[in-house]
Amino acid sequence: MNLAVDTPGVLLGLLLALPPLFRLPLRLSATPWGPLLPADAWSRWIDAGLRLAGALAVAALTLGLAGLHRGEYAVERSGQGAHTVLLLDRSRSMDDSFAGRTPTGDEESKSQAAQRILSGFVAGRRQGLVGVAAFSTSALFVLPLTENREAVLAAVGAMRWPALAQTHVAKGLAMALTHFQGQELQGARSVLLVSDGAAAVDADSEALLRRWFREQGVKLYWIYLRTAGSHGLFEVPENPDEDNPQSRPERYLHLFFTGLGVPYQAFEAADANALQQILDAIGHEEQGPMLYLERVPRHDLQAYCYAIAAFAVAVLLGAKGVEVTG
């Protein structure tokens, strides 16, 4: 066990645990003479127990004051699935419904539908690490890769709050890929992009993303939440003058992803039911074997030390209370 203390100097107080082993706190009587008494095993056990209780009280209290804790460590896990970063679009248009208007009545916004269905997707993934990133005008680092499903669900639940401004997907993708940097992971890695729009990516960002995707071997899924009346990812405009990244940013982003040199799949969801079906299909596809190291965080042991010290002191006080004097 990886035990450590915050203030090692306090451990000098452990020397004070030695005196109780040699001298009891009970009052000595000048009248009886021990050797005259017959051998009594129970008395010897009680005597030893009281001495140990005194030493234990001092030692436990000292360790508590020193800040005893179990340090962070890593545990190797195995399972099936993929290590996934959820990359969520937090642009203002996500607050509209799939019909492209402000939700009314029981109608859900795209962000609300995505939050609800992604929560079920995360809850159903028993194994593998999941991280969360978001983007609007800037990228947002929300949660590192973790096995803590409650933390991931809380991060996804933050999509309920009002969105921000624009769609800067390049910054979001770069942020998502940083989740895998320096990680010793075995098994599939993927980024799951959920967005209702796109933006033109400049040449420098394209080169950076292409290199990072290839270096880290990350698979990309893009679920495009298509608003009614908007252009699709796979549509080629009839007018050639409209076939450019400014007029059709979604189509050109899809073309850029196709040329990344890593596995890539694009989906269009025109409503919440379609989004659910897409996530079910992705969940079934991500079933490859994987090995990974899970970091177990530090655990403070001071409360246990104080509890042990209190118990030992209670034993000593009990013995003192039944002491016969006279």
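This is a predicted model: local features need pLDDT of at least 70, side-chain atom pairs count only at pLDDT 80 or more; totals for chains, interfaces and linings use all residues.
Me: OK. Which strands does helix H3 lie across?
Reply: H3, residues 110-123, lies across strand E4 (82-89), strand E8 (188-195) and E9. The helix runs at about 155 degrees to E8.

Me: And helix H7, what does that touch?
Reply: H7 covers residues 249-258 and packs on the sheet, touching E8, E9 and E10. Its direction makes about 165 degrees with that of E9.

Me: Back up to the sheet. What's the strand order?
Reply: E6-E5-E4-E8-E9-E10. These 6 strands form an open sheet with mixed pairing.

Me: Which are the edge strands?
Reply: Strand E6 (139-146) and strand E10 (264-269). Each pairs on one side only.

Me: How many degrees between neighbouring strands, on average?
Reply: They are turned by 15 degrees against each other, direction ignored.

Me: Do E9 and E10 pair in the parallel or antiparallel sense?
Reply: Parallel, over 6 bridges. E9 spans residues 218-225.

Me: What stands opposite Trp222?
Reply: Ala266, in E10.

Me: New topic: Thr62. Where is it?
Reply: Thr62 sits in helix H2, residues 41-66.

Me: Buried or exposed?
Reply: Buried.

Me: Why?
Reply: Because the relative accessibility of Thr62 is 7%, and buried means under 20%.

Me: Which residues does Thr62 touch, leaving out those up to four places away in sequence?
Reply: Val10, Leu11, Gly13 and Leu14.

Methods: Residues are numbered from 1 along each chain as its sequence is written. Side-chain values use heavy atoms; hydrogens and water are left out. Helices (H or I, at least four residues) and strands (E, at least two) are DSSP runs, numbered from the N terminus. Buried means under 20% relative accessible area, exposed over 50%, partly exposed in between (1.4 Å probe, protein chains only). Contact means heavy atoms within 4.5 Å. Two strands pair if DSSP finds at least two bridges between them. Axes are lines fitted to C-alpha atoms, for helices over the stretch in contact, and angles run from 0 to 180 degrees between N-to-C directions.
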